[in-house]
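Student: Hey, can you walk me through this one? I'd like to ask things as they come up.

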Amino acid sequence: MSIERTLSIVKPDGVGRNLIGEVYRRFEQVGLKVVAARMMRLSQAEAEGFYAVHRERPFFKDLVRFMISGPVMVQVLEGENAIAKNREVMGATDPKKADKGTIRADLATSIDENIVHGSDAKDTAAREIAYFFRDIELCPRTR
Ligand code: GDP
């Protein structure tokens, strides 16, 4: 077990449907702590850069269009095994395949509009956190 940090985004569907609090409640319930947060409207270039690994995928254009369609809530979560724990709370990418009780199974409407993003590994977590936050903006949770 180790204390990790991971990058999480409440996507435009989650913000638009007023589910920020519901998503945060689920993070807090499993011990994930918010150590930085910002609401922002991504530009096309910012969304394309963030999802650059998916550039060649057929869904890339739709994904970018969706991610810039409204404000997003971006946060860094901290906790024991935060990367895997966050992925567990999120559920599978396709809400139809996600386990009951996960954010995506309970709240998402489709694979395109699936409420949340979460880093999938240590290296991507480090890259994605640095994409949005400077070190000085992260607040270690000592209590
Ligand atoms: P995640 O880590 O579970 O968010 O999934 P990925 O990193 O693989 O994909 C990023 C996002 O692209 C997902 O959250 C989906 O919104 C979208 N996506 C991934 N795979 C597909 C797909 O096969 N079809 C469509 N339409 N969208 C997809």
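Student: Which residue is the bridge partner of S8 in β4?

Tutor: In β4, S8 has G118 as its bridge partner. Strands here are DSSP runs of E with at least two residues, helices are runs of H or I with at least four residues, and both are numbered from the N terminus.

Student: How many bridges join β1 to β4?

Tutor: Three bridges join β1 to β4, and the two strands run antiparallel. Two strands pair if DSSP finds at least two bridges between them. Before we go on, note that this is a predicted model, where local features need pLDDT of at least 70, side-chain atom pairs count only at pLDDT 80 or more, and totals for chains, interfaces and linings use all residues. Residues are numbered from 1 along each chain as its sequence is written, and side-chain values use heavy atoms, with hydrogens and water left out.

Student: Okay, and how many bridges join β1 to β3?

Tutor: Eight bridges join β1 (residues 3-10) to β3, again antiparallel. I3 stands opposite E80 of β3, and I9 has V74 in β3 as its bridge partner.

Student: What about β2 and β3, how many bridges there?

Tutor: Seven bridges, with β2 (residues 33-40) and β3 pairing in the antiparallel sense. A36 in that pairing faces V76 of β3.

Student: How many residues of β3 are buried?

Tutor: Eight of the nine residues in β3 (residues 72-80) are buried, so the strand is mostly covered. Buried means under 20% relative accessible area, exposed means over 50%, and partly exposed is in between, using a 1.4 Å probe and protein chains only. β1 is mostly covered as well, with six of its eight residues buried.

Student: New topic: which residues surround the ligand?

Tutor: Among them are K11, Y51, H54, F59, R87, R104, I111 and N114. To count as near, a residue needs a heavy atom within 4 Å of the molecule.

Student: Which atom of I111 is 2.9 Å from a ligand oxygen?

Tutor: A polar backbone atom of I111. K11 uses a polar side-chain atom, 3.0 Å from an oxygen of the ligand, and a side-chain N or O atom of R104 is also 3.0 Å from a ligand oxygen. The protein covers 77% of the 550 Å² of accessible area that the ligand has on its own.

Student: What does T102 reach with its side chain?

Tutor: The T102 side chain reaches the backbone oxygen of D99 at 2.6 Å. A polar atom of that T102 side chain also lies 3.3 Å from the backbone nitrogen of A105. A polar contact is a pair of N or O atoms within 3.5 Å; within protein, one must be able to donate a hydrogen and the other to accept it, and residues adjacent in sequence count only if both atoms are side-chain atoms.

Student: Where is T102, and is it buried or exposed?

Tutor: T102 is in the loop between α5 (82-90) and α6. T102 is buried, because its relative accessible area is 7%.

Methods: Areas by Shrake-Rupley, 256 points an atom, 1.4 Å probe, with all protein chains shown as cover.
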